[in-house]
Amino acid sequence: EIIKAFVHCESNVFGMTSHTPSTPTSSEALSGARDDLVPVPINIEQPEWDQSRFLGRLNRFVRITNPFLLLKSRKELDRAAELVRKAREGYIPRGTTIAQLREAKILYDSAFHPDTGDKMNAFGRMSAQVPAGMVLTGILMAYYKTPMEAFLSQWGNQSFNALVNYTNRNAKSSITNKQLGMAYVSATTGAVAVSIGMNSMVQRAPPVVRRWVPFMAVASANCINIPVMRQRELIDGIAVTDEEGTTVGRSRLAAVKGIAQVCCSRIFMAAPGMLLIPVLMERLEKYPFFNRGKAFSAVVQTLFCGVGLIFTVPIGCALFPQRSSIHTDHLEKSVQEKMQSRGNPLPKTVYFNKGL
């Protein structure tokens, strides 16, 4: 079923299909009451696939994390955002097909923040995870043995991670420049310390175990970087809403759940490549063709990582619903009391954006 999600995509994984404006057929066109605008026939906020199921989320993220979306021009992104905006208002241009509407929403979700609607930095988008991640991971696994190599490779990786974490944060929780700097320094320091410390501890271990040191450093850094980057959510709580999307309070426990899920997803994205490729390289480097120095090793591992990340990035994003939920009984007592004081019935479940 997972393989089918990659193979049988409505849009090709390596490039979204383009829909040229044409005279729509009766089965495609959206008809309505206005001359130039017609009512939206679908709920634009409801993905085509069931987001309560893993395969439904996977189908969506295969498209959103498609690296070829980075090639979309600003004009194409703005056009998609405008169509989504009109759809949210209830009307879209006559002749717009459902396929065009869904493609616009995929482009919008890939490039615009779900909380603010602002266009995200290109390098911080999930569609940049494969091209940027494959290069950084290849370097990490080739250059890690000396303290200087560990510092430079981990510094580069954590700089990218800090950008991704900030770009995909829950934007309803503010964070100061001082806190951003603290998160960046803490994660980089932690990653370098783990890398150097583990290198010294595994000197007598089998070679393949020493090759796993970069993964240990990356996993540790993720557990530092993400919580520190999103510390305002842990201090002030994250906005929680009812089924209709109305904010009903702020919860620190919901923030803990969301951040923990993001940490697990990020570690999963890196784990298969950073654990399996070292085993493969240990065998390949016994042959003269592959034993050509660190630079050649970095290139080979980068290519292997690219192949792996094409699968692990959308799967990692799909592990947990982006619109996460928590039972009201599991919220802090103060949050429950505040919700009850408003006089409205207490919802059984509240929802929040966990981030990516």
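**Figure 1. Burial and overall make-up of the chain.** Of the 356 residues in the chain, 48% are buried, where buried means under 20% relative accessible area, exposed over 50% and partly exposed in between, using a 1.4 Å probe and protein chains only. Please keep in mind that this is a predicted model, in which local features need pLDDT of at least 70 and side-chain atom pairs count only at pLDDT 80 or more, while totals for chains, interfaces and linings use all residues. Residues are numbered from 1 along each chain as its sequence is written, and side-chain values use heavy atoms, with hydrogens and water left out. The chain holds 13 helices and 6 strands; these are DSSP runs numbered from the N terminus, with helices being H or I of at least four residues and strands E of at least two. Among contacts in the chain with a separation of 6 or more, 76% join residues 24 or more positions apart, a contact being heavy atoms within 4.5 Å.

**Figure 2. Helix α2 and its crossing with helix α4.** Here we look at helix α2 (residues 54-64) and helix α4 (residues 98-111), whose axes come within 9 Å and cross at roughly 75 degrees. That makes α2 roughly perpendicular to α4. The axes are lines fitted to C-alpha atoms, for helices over the stretch in contact, and angles run from 0 to 180 degrees between N-to-C directions. Angles under 35 degrees count as roughly parallel, over 145 as roughly antiparallel, 65 to 115 as roughly perpendicular and the rest as oblique. On the α2 side the contact involves Arg60, Arg63 and Ile64, which meet Ile106, Asp109 and Ser110 of α4. Sorted by class, this contact of α2 with α4 has 2 nonpolar, 1 polar and 3 charged residues. For these classes, Ala, Val, Leu, Ile, Met, Phe, Trp, Tyr, Cys and Pro count as nonpolar, Asp, Glu, Lys and Arg as charged, and the others, Gly among them, as polar. Helix α2 is largely enclosed by the rest of the structure, because 10 of its 11 residues are buried. The buried residues of α2 include Arg57, Arg60 and Arg63, along with Leu58 and Phe61.

Figure 3. A salt bridge is a side-chain nitrogen of Lys or Arg within 4 Å of a carboxyl oxygen of Asp or Glu. Side chains of opposite charge can pair when their charged atoms come close. A search of the whole structure turns up 13 salt bridges. Salt bridges link Glu45, Arg60, Arg88, Lys105 and Asp109 into a network. Within this view, Lys105 forms a salt bridge with Glu45, and their closest N and O atoms are 4.0 Å apart. This pair links distant parts of the chain, with Lys105 in helix α4 and Glu45 in the loop between β1 (37-39) and α2, 60 residues apart. Lys105 is buried at a relative accessible area of 12%, whereas Glu45 is partly exposed at 40%.

**Figure 4. Two salt bridges within helices.** In helix α3 (residues 74-89), Arg85 and Glu82 are 3 residues apart and so separated by about one helical turn. Their side chains meet in a salt bridge of 2.4 Å, N to O. Arg85 is partly exposed at 37% relative accessibility, and Glu82 is partly exposed at 32%. In helix α10 (residues 231-236), Asp236 and Arg232 are 4 residues apart and likewise separated by about one helical turn. The side chains of Asp236 and Arg232 meet in a salt bridge of 2.6 Å, N to O. Asp236 counts as partly exposed at 40% relative accessibility. Helix α10 also holds Gln231, which is buried at 16% relative accessibility. Leaving aside neighbours within four places in sequence, Gln231 is in contact with Gln179 and Met182.

**Figure 5. Helices α5 and α11, with a look at Pro278.** Helix α5 (residues 129-142) and helix α11 (residues 252-284) pack at an angle of about 40 degrees, with their axes 11 Å apart. The two helices, α5 and α11, are therefore oblique to each other. From α5, Gln129, Thr137, Leu140 and Met141 meet Met269, Gly273, Met274, Ile277 and Pro278 of α11. By class, the contact of α5 with α11 has 6 nonpolar, 3 polar and no charged residues. Pro278, which sits in helix α11, is buried at a relative accessible area of 1%. Not counting residues up to four places away in sequence, Pro278 touches Met141, Val208, Arg211, Trp212 and Gly273. Pro278 and Arg211 are 67 residues apart in sequence and 5.8 Å apart in space, C-alpha to C-alpha.
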